[in-house]
Amino acid sequence: MRKIIIVDDEPMITNTLSTLIELMLDYTVYTFNSPADVLSSAVVKDEHIDLIISDFIMPGMNGLELLSAIKALQPHIVTILLTGYSDKESAIRSINDLGLYYYLEKPWDNNELIKIIQNGIEKTELETALHQKITVIEKKNQEISRLYELLRRDFNREMDNVLELVLSLSNVIEAKDQYTDGHTRRVADLAIALAKRLKLSEAQIRNIEIGAIIHDIGKVATPEVILNKPGKLTYDEFEIMKEHSEAGAHIIMPISTLSDCVPIVRSHHEKLDGSGYPYGIKGDEINIETRIVAISDIFDALYTDRPYREAMPFEDIKAILDHDADSGKLDLTILKILYDLHREGVIDAIYMGSEDIYRA
Ligand SMILES: [Fe+2]
């Protein structure tokens, strides 16, 4: 049952009010005739009180001071001040300071008073229910955040494991192929820079990085005499060399986390006009990640020293790439970005080992 306290130094008022409320509302009413009695009573200390109606001018302590003290003990309580006309100003001021729910002038209207009491209690109960719902939602949100964090940690741990595996695979190739020292890391850095300019998603950029590092993993199946041959390969040797793309795809296929990298590994020697290998796929059949890695791979091969020739000047490389783009082999949009990156010094930063510029 809801509980109400009435405080007034005139017993006639407390009696009248308590009779009225008990008659009109099925509430338990406690009456007091001095603020000190209220504050020292067990009712205020031990019980949940819904509402308090207090007189303003009382001996020892005024109504506002009393309501303020009660609010400290029962923060949810609805406070109503009963004032004489002359006290109206201070009552109005205290509405905000104290969080006073209502002030009522004497003499009050019985029906109005009952309505105010009902509304005040109803409002507080709605607020309490809302607050409880918010608390439940906040708890659920916390739980969702905690689960998300666990999943994210698991995912990151798995990605870390995969990256370690990928780096280890890339070491396998570099140990076997003397031409590729540092090649895969540079291809990855260049490809990431291109992908960021093309505003690819984080997932795509991650695939590009991993795909670039392992794009030549299939070379573990290529005989070393062919891999390390200083001169031009014969037709047959080149046919064997070409098998490394499909071999690489087969090597990584059992690793589900690397499934999105399979097209990069398999198709990094395909050309947009269908003249590449291993399958001669063309156009949209070659995804953007693969196109980016392919161009980065070609660029790095030309831009670095090889045992059989020195690194080519950028302008000469540009001429070769432009020619390939004109004949429909390479993606012109990606090439243009590559040229932008060169003009801005980003490529040289990559080749100097500085990663600050293009990672920004
Ligand atoms: Fe390759």
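Two notes on the basis. Residues are numbered from 1 along each chain as its sequence is written. The model is predicted, so local features need pLDDT of at least 70 and side-chain atom pairs count only at pLDDT 80 or more, while totals for chains, interfaces and linings use all residues.

I start with the cores. By nonpolar core I mean a set of buried Ala, Val, Leu, Ile, Met, Phe, Trp, Tyr and Cys residues joined through C-beta atoms within 7 Å. Buried means that 20 or more other C-beta atoms lie within 10 Å of the residue's own; exposed means 12 or fewer, partly exposed is in between, and the C-beta atoms are placed from the backbone. In soluble globular proteins, nonpolar side chains tend to be buried together.

The largest nonpolar core here has 40 residues, and the members that touch the most others are Leu-190, Ala-191, Leu-194, Ile-214, Ile-292 and Val-293. Helices that each supply at least two residues of this core include H6 (110-176), H7 (183-197), H8 (202-214) and H13 (288-303). Helices and strands are DSSP runs numbered from the N terminus, with helices being H or I of at least four residues and strands E of at least two. Which helix gives the most to this core? H7 does, with 8 residues. Apart from this core lies another, of 30 residues, including Phe-32, Ile-53, Val-78 and Leu-100.

Take Val-293 as an example. Not counting residues up to four places away in sequence, Val-293 touches Val-187, Ala-191, Ile-208, Gly-211, Ala-212, His-215, Ile-264 and His-268. Contact here means C-beta atoms, placed from the backbone, within 7 Å.

Now the helix pairs. Two packed helices are described by the angle between their axes and the distance between the axes. The axes are lines fitted to C-alpha atoms, for helices over the stretch in contact, and angles run from 0 to 180 degrees between N-to-C directions.

H7 and H13 have axes that come within 9 Å and cross at roughly 130°. That angle makes H7 oblique to H13. On the scale used, under 35 degrees is roughly parallel, over 145 roughly antiparallel, 65 to 115 roughly perpendicular, and the rest oblique. By class, the contact of H7 with H13 has 8 nonpolar, 2 polar and 3 charged residues. Ala, Val, Leu, Ile, Met, Phe, Trp, Tyr, Cys and Pro count as nonpolar, Asp, Glu, Lys and Arg as charged, and the others, Gly among them, as polar.

H13 also packs with H15: their axes come within 10 Å and cross at roughly 50°. H13 is therefore oblique to H15, and this crossing is right-handed. Arg-291, Ile-292, Ile-295 and Phe-299 in H13 meet Ile-334, Leu-335 and Leu-338 in H15. The classes are 6 nonpolar, no polar and 1 charged.

How far apart are the axes of H6 and H8? They are 8 Å apart, at an angle of about 25°. These two helices are therefore roughly parallel to each other. Val-166, Leu-167, Leu-169 and Ser-170 in H6 meet Ile-210, Ile-213 and Ile-214 in H8.

Next, the backbone. Most residues other than glycine have a negative phi, and most peptide bonds are trans. A cis peptide bond joins Lys-106 and Pro-107, with omega about -5°; Pro-107 sits in the loop between strand S5 (102-105) and H6. Another cis bond joins Tyr-277 and Pro-278, with omega about 10°, and Pro-278 lies in the loop between H12 and H13. Lys-199, in the loop between H7 and H8, has a positive phi near 55°. Is Lys-199 buried or exposed? It counts as exposed, because it has 8 C-beta neighbours inside 10 Å.

Glu-246 is in helix H11 and is in contact with Gly-218, Arg-266 and Pro-278, leaving aside neighbours within four places in sequence. Glu-246 counts as partly exposed, with 17 C-beta neighbours inside 10 Å. Asp-50, in the loop between helix H3 (42-46) and strand S3 (51-55), is buried, with 21 other C-beta atoms within 10 Å. Asp-50 and Lys-3 are 47 residues apart in sequence, but their C-alpha atoms are 5.4 Å apart in space.

Key
Two residues are in contact if their C-beta atoms, placed from the backbone, lie within 7 Å. A crossing is left-handed if the near helix is turned anticlockwise from the far one by less than a right angle, and right-handed if clockwise.
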